[in-house]
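Subject: Structure for your review

Dear colleague,

Please find the structure below, together with its sequence. My notes on what was found in it follow.

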Amino acid sequence: MTVRRTVWLRAGAAAIPLFIAVCAFGSTASADVVMPRDRVVFVVVPGLRWATMPPSFDGWAKASLALNSVPRQRPIDVYLTMAKGRRTGGLPTVAGVGPLDVRGAGISVRNWARLEQRDRRLRYGGHLGQLGQLLEDHGVPVAVVGRSADVAALAADHSGNLGGLTLGDPGQAVQAVGPARLVMVEAEVADLVRLRDATAGACRIVASGSAPADGGLGAIAVSPECGFGRAGLVSPSTRQPGFVTLPDIAPTLLSLVGVAPPNVFEGGVVRAAHPVSRSRLVEEDRRSGVSRDVGRPLTTVFLLAAVAGLIALPRERLRLPVAAVMLAMPAALLLMMLVPWWRYGRLAGIATLVVIAGLLAVATVAGAGPEPARVVFVLTAVTTGVIAFDALRRGMLELDAPTVNNAIAAGRFAGVGNVPYGFLAASSIVAAALALERYGRRALVAVAVGLGFIVFADGAPMFGADAGGVLASVPAIGVLLLTWQGRRRWRILAVPAVAGLCALAAFAALDISRPAAERTHLGRTLTGGSAAQTFVRREISALSSFRTSQWVIVAAVALFGLVVVRGRVPTGTALRAGMAAIGVAAVIGAAANDSGVAVAGAILFVAWGVGLALAQPLTRAERGDSTFPDSEPQPAGNSGAMRIGVVLPQTEIGSDRDGLRRYAEGVEELGFAHLLAYDHVVGADPAVHQGWDGPYDVRTTFHEPFVLFGYLAALIGLELVTGIIILPQRQTALVAKQAAEVDLLTEGHFRLGVGIGWNAVEYEALGKRFSDRGARLEEQVTLLRRLWTETTVTFEGEHERVTGAGLAPMPRQRPIPIWLGGSSEPAYRRMGRLADGWFPQMQPGPKLDAARAIIDESARAAGRDPASIGMEGRVSWQGDVADTVDRMDQWEKAGASHVAVNTMGAGLGSVDDHLRALAEVAARRPPG
């Protein structure tokens, strides 16, 4: 085992105890049990916030009250939600509960049936009037005093009935404290001090009864008599000190009057937490309101960044900087919450996001160098780290970050919200794929541990129980880990989907096993009997997001950009598997989360940034300039007429420079498209190697192709082709350099054909191993493409190592097309995975069909289009021009994109003889 591998394994193993330590450190809520109180007074004040709360309440236990779990945040919406213990809302056309009917000693809400219909359509589960029904079932005496009829919603039972209601001065609540164990009062801010003094000795809770006029957070304060002390409060829904949600009110009131809250509630009983100051609560209220206002403008910034990527695509100098800023924006969205920008308004928020993203991008490019893959890896790793670490701290940065569907925005849970989940999923998959691309199996353990850690941080109940995220992440990660080596066994790909369900079931079981007061929305939903309604509501919300969310435009622009750069990103099998995994995460994430297209938009935004960073330069036509010559290299696949070239008869025309020149110029004058040259560095001496039966030996003439092509490039404009370079016996970086030079000298008219060869004598002479040449060639091909497309390269494989090095000048084609030769099944599968084209070693017929079937199957398994892989046949001149042309036609019918005429071995002794034979062929079958 290598030292580096040991380091990876140790790092992966160290993550586990570190994770446990962070979990232990992260606990904030007290485990104290709420003891029942003899008298409880619950006061609701519409529009109450900490900025308007009387200073004399500062000594009570306190927190902000998240009100966004109701649609419109009117008093009726808030009261219905408080009493139901789950999200709901009143009728859109009715300001309050409507008329009340007096029935004997009781009161009935006349609009209750319509309110129930509205609640069922919202599909949040549970029952209206749950709090009032439980109080009635347990015989708890309740009194209700209010300024409006809306307060009846606080104590009404499942049928909309309540024992009594006193409308008028809230001071009348004082007379009800004795006979009633729980008194619910609707009051104004001016009434609070009087009510507090008049109800001294009772457990008193003061809470907002509607949102403040300009949005933001509400307030909740609990007197010391309730047993929560004088510090802060924490909700099991948010697990953030200083934050409580509306659904927490009902279970807390029930506990205070001695009734055990059932699982039907979405919230839980609040608990004492770390101290929190009034000034902090006022600041959080202001931050929440401004953050909400700047949410849509910041989404527009993400849209503009995606559009800027399209503008930068044809401009090589701009692509990486713009892509770096795009990839830095998800992390900046959370990091900006460390800066008090909200004190200065919305424009300050936009400026803060852009500045932080710009600084991250500049620092990354400066530190990681201009290598695109390294820049992408660093920025996606930073995004992953920021979001995952914030999840471990229960979303402290995300709590009210702009554009984020988080604890305050959703009013129900902490941890990773929907948009940050999209950023987290895409970034972690890309970072993992790049690690596998560069380090191979040595990174597999660390990658698997890291991705498992991400899933746990996202889905574990102690961090937020992101059910939709787990359902999308686990299948996506499974696709990456099962296919990163290029092998796509479709039957096995069903396993990740099952694994996602199993992971969610495991997290759900863990959540349900915890005490009821500590369960998240996941455990409460499953035990409260509302799972089916929650699923339907999520899907309806996901579908509606496609017409209501700005992210649908971001997703469309990003998807368009990815389509534009498709095929222009030089990727190995691991990164291709990563992009497939991103697609899985986007589709499932959009379906499994109620934010729908916002999740897909966030994922595609990151993917577009990656594609932009790694994209190759555009062609002349796409750029709209005349930088390149008129004749462009032809595509590898058979996208037009078959191109006809020749095989250089170097074993027969000798080493005379003038003869080489006359042959090359003659071939060009005849109209042939390309010239192909064989490669052998040394030949074996049969006198030494007894029994030698190879086709060539020490007496056979072979020119070194790269040197030869450097000479020919000054004479002719034909495409030059190596057919083939024995790649594993050569130094990869040197081949990359030589090929880049030839490509520049030929102005991009060069194809590099490579293969593993058959001559062990030659391998020995060049100091390379013969036994593992196939495995080394695959790694070499990957490294060649990176050296031709990246300014600086760091690569460490099993056989090749490059550290912070690159070519200058770079080739015209980025990358240079690589064609493979070979005649075995492993070679054919290699061609399907890696090659731009191949050189068959047989004639058209059943053997060719069988070989092509293997190549096509391997290409499809690697996510490639088999039609994009070129094929060059070979026809040997045997003195009969009609026969030669007929066999060329057979290659064309077989689907060859290229064919080369070989005049060696036909007894042609001079350059002129070879040219006369080619002239006969050109006369019968014009090459052009």
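Which residues do ring pairs link into a cluster? The members are Phe302, Phe423, Trp551 and Phe605. Please bear in mind throughout that this is a predicted model.

**Aromatic rings**

A search of the whole structure returns ten aromatic pairs. In one of them, the ring centres of phenylalanine 302 and tryptophan 551 lie 5.5 Å apart with the planes at 50 degrees, so this pair is tilted. Phenylalanine 302 belongs to helix α9 (residues 278-312) and tryptophan 551 to helix α20 (residues 551-565), so the pair ties together parts that are 249 residues apart in sequence. Phenylalanine 302 counts as buried because its relative accessibility is 0%; tryptophan 551, at 4%, counts as buried as well.

Tryptophan 551 also pairs with phenylalanine 423: the centres of these two rings are 6.2 Å apart and the planes stand at 70 degrees, so the pair is edge-to-face. Phenylalanine 423 is located in helix α14 (residues 418-439) and tryptophan 551 in helix α20, so this pair ties together parts that are 128 residues apart in sequence. Both phenylalanine 423 and tryptophan 551 are buried.

**Charges over rings**

Arginine 287 has its charged end over the ring of tryptophan 342, 5.2 Å from the ring centre. Arginine 773 lies over the face of phenylalanine 770, at 3.8 Å from the centre of that ring.

**Helices α4 and α8**

Helix α4 (residues 130-137) packs with helix α8 (residues 249-256) at an angle of about 15 degrees, and their axes are 10 Å apart. Because angles under 35 degrees count as roughly parallel, α4 is roughly parallel to α8. Their crossing is right-handed. On the α4 side, Leu131, Leu134 and Leu135 meet Ala250, Leu253 and Leu254 of α8.

How many of the eight residues of α4 are buried? Six are, so α4 is largely enclosed by the rest of the structure. The buried residues are Gln130, Leu131, Gly132, Gln133, Leu134 and Leu135. Among the elements that cover them are α2 (75-84), β5 (142-146), α5 (152-155), β8 (182-186) and α8. After α4 comes glycine 139, which has a positive phi, near 65 degrees.

**Serine 595**

Is serine 595 buried or exposed? With a relative accessible area of 15%, serine 595 is buried, because the cut-off is under 20%. Serine 595 is placed in the loop between α21 (573-592) and α22 (597-614). The C-alpha atoms of serine 595 and glycine 417 are separated by 9.5 Å, although these residues are 178 residues apart along the chain.

Yours sincerely

Technical notes. Residues are numbered from 1 along each chain as its sequence is written. This is a predicted model: local features need pLDDT of at least 70, side-chain atom pairs count only at pLDDT 80 or more; totals for chains, interfaces and linings use all residues. Side-chain values use heavy atoms; hydrogens and water are left out. Rings of Phe, Tyr and Trp (its six-membered ring) pair if their centres lie within 6.5 Å; planes under 30 degrees apart count as stacked, over 60 as edge-to-face and the rest as tilted. Helices (H or I, at least four residues) and strands (E, at least two) are DSSP runs, numbered from the N terminus. Buried means under 20% relative accessible area, exposed over 50%, partly exposed in between (1.4 Å probe, protein chains only). A charge sits over a ring if NZ of Lys or CZ of Arg is within 6 Å of the ring centre and within 35 degrees of the ring normal. Axes are lines fitted to C-alpha atoms, for helices over the stretch in contact, and angles run from 0 to 180 degrees between N-to-C directions. Angles under 35 degrees count as roughly parallel, over 145 as roughly antiparallel, 65 to 115 as roughly perpendicular and the rest as oblique. A crossing is left-handed if the near helix is turned anticlockwise from the far one by less than a right angle, and right-handed if clockwise. Contact means heavy atoms within 4.5 Å.
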